[in-house]
Every structure is written in C-alpha cells, then in structure tokens.
Amino acid sequence: MIVLYILLGILGLFLTFVLWFFLTAVILSLFVKMDKDYESDSKIYRWFINVTGAIVTFFSGSKIVITGAEKLPDTKRIVLVSNHVSNFDPIIGWYAFRRYQPSFISKEANFHIPWFGRIIHRSLFMPIDRENPLNAIRPMRHAI
C-alpha cells in the first residue's frame with residue numbers, strides 16, 4: 001500500500017511540473033508581438049527554450065556528441081540552419097549549442113503553433129518561406 005502512495009506521489013509531482021511548465025509557456029507567449037522583429041534576445045525566453053531542450057534531450061535518451069565546435073566563435077552568436085531527421089533534432093540542437101545562444105531559421109508553420117511559435121519568435125528564431133526561394137533570402141539577410 002505504501003508503494004502505491006509513493007507512486008501516486010511521484011505521478012502527482014510529475015503532473016504538477018507538466019502543468020506548471022505548460023502554464024508558464026502560455027503566459028510567456030502572451031507578451032510576444034508576432035508582428036515585431038526583435039533585435040535583442042530575452043533571457044527568460046531563452047531560458048525557457050533551453051529548459052525545454054534539456055527536458056526533451058533527457059526523456060528522449062539522446063546522447064549529444066559535438067565535433068568541430070572549436071571552429072565556432074566564442075564571442076558571437078550563431079545561426080543554425082540544418083537538415084534534420086526528426087522533429088526533435090532542432091530542439092536537441094538548440095540545447096546542445098545553448099552556450100552560443102543560437103537562433104534558427106525555421107519553417108513558417110512552426111511560428112503558427114500556439115504559444116510555441118511566439119516563444120521561438122521572441123528567442124530570435126526566424127521563419128523562412130521554403131516555397132519561394134526569393135522570399136527565403138530575407139531571413140538569411142536579417143540573420144547576417
């Protein structure tokens with residue numbers, strides 16, 4: 001019987017954490033203006049996506065191995081543009097390179113995901129129009 005109480009307690013703590021995390025995301029997203037191009041990063045939004053990356057990396061059982069990081073600048077931010085096999089690859093990527101505070105160029109549909117799209121927008125992620133190559137140049141120029 002005591003084991004059941006312990007398991008229920010652990011489940012309760014987990015569900016409380018999930019609820020807190022979701023509510024935090026929703027509240028943070030309310031303060032983001034999607035029509036504004038932000039020029040500076042926000043520490044709280046960056047913290048939130050780093051925590052999200054840590055959680056996804058932990059629960060997916062991913063082992064991160066980075067080669068060639070010595071070629072990246074220590075004093076500048078980076079923009080990551082990469083192909084990926086799954087939808088979790090970018091999340092693990094921003095966690096793996098968190099010390100560089102990366103910004104991503106991401107498909108436009110990601111910015112229409114409720115609350116999540118607003119948080120990545122405020123973290124200086126940029127949408128790209130993958131259908132029209134001429135429109136795809138704009139976020140790349142902005143990143144430079």
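In which loop is L124 found? L124 sits in the loop between helix 4 and strand 3, where helices (H or I, at least four residues) and strands (E, at least two) are DSSP runs numbered from the N terminus. The structure is a predicted model, in which local features need pLDDT of at least 70, side-chain atom pairs count only at pLDDT 80 or more, and totals for chains, interfaces and linings use all residues. Residues are numbered from 1 along each chain as its sequence is written, and side-chain values use heavy atoms, with hydrogens and water left out.

L124 has a positive phi of about 70° although it is not a glycine. This residue is buried, with a relative accessible area of 12%; buried means under 20% relative accessible area, exposed over 50%, and partly exposed in between (1.4 Å probe, protein chains only). Q101 also is not a glycine and has a positive phi, of about 45°. Q101 belongs to the loop between helix 3 and strand 2 and counts as partly exposed, at 35% relative accessibility.

The helices come next. Helix 1 has 28 residues and spans 41 Å from its first C-alpha to its last, close to the 40 Å expected at 1.5 Å a residue; the expected span is 1.5 Å times one less than the number of residues. Within helix 1, the residues F21, T24, A25, L28 and S29 are buried. Helix 2 and helix 4 are among the elements that cover them, with contact meaning heavy atoms within 4.5 Å.

Helix 2 (residues 43–60) has 18 residues and reaches 25 Å between its first and last C-alpha, close to the expected 26 Å. Its buried residues are Y45, R46, F48, I49, N50, T52, G53, V56 and T57. An α-helix has 3.6 residues a turn, so residues three or four places apart point the same way. The cover over the buried residues of helix 2 includes helix 1 (2–29), helix 3 (89–96), strand 2 (103–107) and helix 4 (116–122). Leaving aside neighbours within four places in sequence, T52 is in contact with F21 and I91.

Not counting residues up to four places away in sequence, F48 touches F21, T24, A25, L28 and I119. In soluble globular proteins, nonpolar side chains tend to be buried together.

Three strands form an open sheet in the order 1-2-3, with parallel pairing; two strands pair if DSSP finds at least two bridges between them. Strand 1 (79–80) and strand 3 (126–128) are the edge strands, each pairing on one side only. Helix 5 (residues 133–143) packs on the sheet and touches strand 1, strand 2 and strand 3; its direction makes about 155° with that of strand 3. Axes here are lines fitted to C-alpha atoms, for helices over the stretch in contact, and angles run from 0 to 180 degrees between N-to-C directions.

Strand 1 and strand 2 run parallel and are joined by 2 bridges, and L80 stands opposite F104 in strand 2. Strand 2 and strand 3 pair in the parallel sense over 3 bridges. Because 4 of its 5 residues are buried, strand 2 is largely enclosed by the rest of the structure.

S106 lies in strand 2 and stands opposite P127 in strand 3. With a relative accessible area of 13%, S106 is buried. Apart from neighbours within four places in sequence, S106 is in contact with F111, M126, P127 and I128. The side chains of S106 and N110 are joined by a polar contact of 2.6 Å, that is, a pair of N or O atoms within 3.5 Å; within protein, one must be able to donate a hydrogen and the other to accept it, and residues adjacent in sequence count only if both atoms are side-chain atoms.
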